[in-house]
Amino acid sequence: MSFPWAQHYEPKVPFMRWLDEKLPLPRLVYNAIGGGYPVPRNLNYAWNFGVLAGFCLVLQIVTGVILAMHYAPNATVAFDSTEHIMRDVNWGWMLRYAHANGASAFFVVVYLHIFRGFFYGSYKAPREMVWLLGVTIFLLMMATAFMGYVLPWGQMSFWGAKVITGLFGAIPLVGQPLQVWLLGGFAPDNAALNRFFSLHFLLPFVIAGVIILHIWALHIPGSSNPTGVEVKSESDTVPFHPYYTAKDGFGLGVFLVIYCAFLFFMPNALGHPDNYIPANPIATPAEIVPEWYFWPYYAILRSFTVSLHIPFTNVTLIDAKLLGVLAMFSSILVWFFLPWLDRSPVRSGHYRPLYRKFFWVLVVDLLILGYCGGSRPEEPYLMISQLAAAYYFLHFLVVVPIVSSFERPEPLPFSITEAVLGSDKKAVLGENTTPAT
Amino acid sequence: MVRIIGFLVGLFFAVMALWAFGTGLGTVASQGYLKETTAESVFHRKPKPLHLASDGPFGKFDYQQVQRGYQVYKEVCKACHSLNHVAFRDLAELGYDQAEVKAEAAQWTVPGIDPNTGETTTRPGTPTDYFPKPFANDIAARAANSGGIPPDLSLMAKAREGGAAYIYSILTGFQPVPAELKKKFPDFQTPTGTYFNPYFANLNIKMPPPLTSDGQVTFKDGTPSTVDEMAKDVAAFLVWTAEPTLAKRHQTGWPVVLFLIFATGLAFFAKKQVWANARVRHD
C-alpha cells in the first residue's frame, strides 16, 4: 500500500522488538504518519487542514467527555447545569467555551479542507473513496453539531431543534409521524433532549471510526499534491516524519493562537445571545437562526418559496417547503457524485484556467449564501439567496461537467520534482539525494 | 448516466430557485420595493455606547463599581427581578470578606422548612443560599406586573444584543413618545401598564422606570448617585453576574496566547531547519 522506497520500521530496543512481534502498533503508526509514509514534497499549507481537523475532533471529544460529567440532560435542569459548569466547576467555563468555539473551529478547518479538495481535484480517481468517506464525515459532523447546540436548552437550542426536525414534517405521508417519532413527542422536550444527548455522545466516535477509514483509503494511493501529477519516483516524495510533522506543527501553532484568542477574549462572538435565555416553548424568538456554519444551507432552504404546480391549474406537485428541504439535503448529497461529474483528467485547478475561475465564483457564491442565511428572511436577502442557490446547483451539476469536457488545460509539469526543483535536479537536490532517472 | 441525471436535477433546482426569484422580482416590479415600515423599524434605537472596566481583552472588574451595582440591585431591582444563578457565597469575589458575606446573606429572607413541623417557612440567608426569587411562580409574577414576567437578571448581560450597553440604555431610555413618532404613526399607542422606551424591541416595555431620581440609592462609597451612575453601576454588576469568571478568563488568556505565539515561532524555525535538508527552491 505504499511506495517501494518507503522506509521500513526497525524497532531499536528489545521491548519494541517484542511488541512489534506481538502487536505491531508502533509499525502501524510509523507507516501511517511517521517515516514510513512517503508524501509528495510539494504540499503547500492547504494540506494542513486534515491534521487540524483531526486535532479538533480530539479536542471536542476530550472537552466533551468532561462536560458530560457535569451536564444533566433533563429539560428542567439542562440550562441550569450548563450555568453550573460555567460558574462552579473548576475551569468549567474554559471547557465549555473550548467546546463551543471548538465546534466552530472544527467547521472552519473542515470547510478549508473541503475547498482544498475542490480546487486541487482531490476527489478524482484514484481517491474517490477518500472523498466519499470525507463527505460522510461532514454529514456526521453536521448532525453532531446540530444536536450539541440543542443541549444547553436555551431559546435557540429549542427553536432550532423545532425548525430542523420540522423539516422532516415536510415529507409527504410519513412526514408528521416521522417527526413525532424522531422527537419522541409533538415538540422538542425531555425525550428529544435525552436522545440528542445520547447521540451527541455517540456520533463523535462514529466520526473517529470513519476518519480511520478515510486515512486508510488515503494511504492506498498516497496523498495528492498541488500539481495533481502523481508521484513517479523517490525524489518526488519526502517521509511524512519529520518533514510534514514539522510543517503541521507550525500550522497547528497558528491555528491554536487564533482559536485561543476566540476562546479567551471573545468566546460568545460566534454564538447567539438568545441562547442565554432558557428554552421557552411559548415565546418564539424574533428570529430563529442556526449556528454560522449552517447559514449557507439555511439560505438554500429558505430560497425555495414557490411550489411546483401544473401551470394554469391548482394541482401542486411539490410543495415549496418540501422543495426547500430537498434542495438543502441535495446541496450536500451532490458532493458524493463529484468524482463522476468532473471528467477532466487534470486534477489541479492550477492547470485548469476555466475551472479555476468557476471555483472562485463558487467560493463567493457560498459566502453570499452564508450572509443571506444569517440575515432575516426578507428582501433583498431572499432574492439574492435565490440567485445564489440557483448558481450553487448549476455549478456542481451543469458547469463542472460541461467545463471539464471542453476545457483545454495548461501544460502539466513532467513530475513533482520538476515542478518543485526545475530540471537541473542534481544541482538542487545535492549529492546525497538520488535524482530521478 | 450520472451526468445526465445530474444535469436534469441541477437544472430543476436552478429553475425553481430562479422561478422564486422571478416571482419576487414581479412583486417588486408591480408593487414597488415594499419594505414594511412600522414604528419599531423606524424608532427602535441601538444601545448607547457604554465603557466598563471589564471591556476588551484586558478587562477586569471595577469591584467598587460592581459593589455599587449590587447595592442598586438590592435596593431597587430585586423587588421584581430574580438572580437565579448567583449565590451569596459568590459575593466574596467582589472583595467582601467571609464575615461580611455572612452578614450580607443574613439580611435576606430565603424560603426554609421548619425542622420540627416540616412546614414551609422562611429563615435568614446563609452564604450557600442562592438569591431568593421575588415571586413564588410565573403566575404571581404576571399578576403583579401587568401581565409581564420580569426576566431573571443573572445572564441579562449576555442574553441581549449589546449586553451591558443594552441594560444601561433601557434603564436611562424612558421618555415621552416623541412628537415625530405620533405624527408618522398616529395609530401608535403605549397601552396602560407599558412605558415608552426606544431601546426596547417593540418600544413599549412593561417595566416602569425603576431609576427615577438622583439620590434614590445612597452609595456607601460616597459616589454621587445620579440616575446615569446607578444605571451604569447596575450594568457593571450584571456583567459580573453573567460571567463571574470573566476577569480570570482574560488573565488566563494572555499567558496562553503569548506562550502559543512563542511556541509557534519555535515551530516555524524547526520547520525551516527540517526542510533545509530537502533543499526546496522557492521560485
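Predicted model: local features only at pLDDT ≥ 70, side-chain atom pairs only at ≥ 80, totals over all residues.

Trainee: Which residue does a cis peptide bond join to Pro126(A)?

Mentor: The partner is Ala125(A), and omega of that cis bond is about 5°. The bond from His241(A) to Pro242(A) is cis as well, with omega near 10°. Pro242(A) is found in helix α10 of chain A.

Trainee: And how confident is the predictor in chain A and in chain B?

Mentor: Chain A has an average pLDDT of 92, with 96% of the residues scoring at least 70. For chain B the mean pLDDT is 92, and 97% of its residues reach 70 or more. The model as a whole scores ipTM 0.93 and pTM 0.93.

Trainee: Where does pLDDT stay under 50 in chain A?

Mentor: That is the case over residues 430-437 of chain A, for which the model has 14 contacts beyond four places in sequence.

Trainee: Next, the domains. What is the division of chain A?

Mentor: Chain A is divided into domain 1 (1-36), domain 2 (38-288) and domain 3 (302-406). The C-alpha centres of domain 1 and domain 2 of chain A are separated by 32 Å. Ten residues of domain 1 of chain A are in contact with eleven residues of domain 2 of chain A. On the domain 1 side of that contact, six residues are nonpolar, four are polar and none is charged.

Trainee: What about the domains of chain B?

Mentor: The assignment for chain B gives domain 1 (2-34), domain 2 (40-86 + 131-244) and domain 3 (254-283). Between domain 2 and domain 3 of chain B, the C-alpha centres lie 50 Å apart.

Trainee: How many residues are in contact between chain A and chain B?

Mentor: There are 55 residues of chain A in contact with 48 residues of chain B. Elements giving two or more residues to the chain A side include α4 (78-87), α12 (320-333) and α15 (381-406) of chain A. The most comes from α10(A), with 14 residues. By class, the chain A side has 40 nonpolar, nine polar and six charged residues.

Trainee: Turning to α6 of chain A, what should its span be, and what is the distance between its end C-alpha atoms?

Mentor: Helix α6 of chain A covers residues 128-150, which is 23 residues, so at 1.5 Å a residue it should span 33 Å. Its end C-alpha atoms are 34 Å apart, in agreement with that expectation.

Trainee: Which residues of α6(A) are buried?

Mentor: Among them are Val130(A), Trp131(A), Ile137(A), Met141(A) and Tyr149(A). The buried residues of α6(A) pack against α5 (92-120), α7 (155-168), α9 (190-219) and α13 of chain A.

Trainee: Which residues touch the most other members of the largest nonpolar core?

Mentor: Of its 53 residues, those are Leu52(A), Ala53(A), Cys56(A), Phe106(A) and Val109(A). Elements that each supply at least two residues of this core include α3 (49-70) and α6 of chain A, together with α10 (246-276) of chain B. The largest share, 13 residues, comes from α5(A). Leaving out residues up to four places away in sequence, Phe106(A) touches Ala53(A), Cys56(A), Leu57(A), Gln60(A) and Met141(A). Another core, of 45 residues, lies apart from the largest one, and its members include Tyr297(A), Leu323(A), Met383(A) and Ala20(B).

Trainee: Finally, which residues are in contact with His70(A)?

Mentor: His70(A), in helix α3 of chain A, is in contact with Ser81(A), His84(A), Ile85(A), Val89(A) and Gly92(A), leaving aside neighbours within four places in sequence. His70(A) is partly exposed, as 15 other C-beta atoms lie within 10 Å.

Notes: Residues numbered from 1 in each chain as written. Chains lettered and ligands numbered in written order. Domains from an automatic or database assignment. Contact = placed C-beta atoms within 7 Å. Nonpolar A, V, L, I, M, F, W, Y, C, P; charged D, E, K, R; others polar. Helix = DSSP H or I, 4+ residues; strand = E, 2+ residues; numbered from the N terminus. Expected span 1.5 Å × (residues − 1). Buried ≥ 20, exposed ≤ 12 C-beta atoms within 10 Å, placed from the backbone. Core = buried A, V, L, I, M, F, W, Y, C linked by C-beta atoms within 7 Å. pLDDT = per-residue confidence, 0-100.
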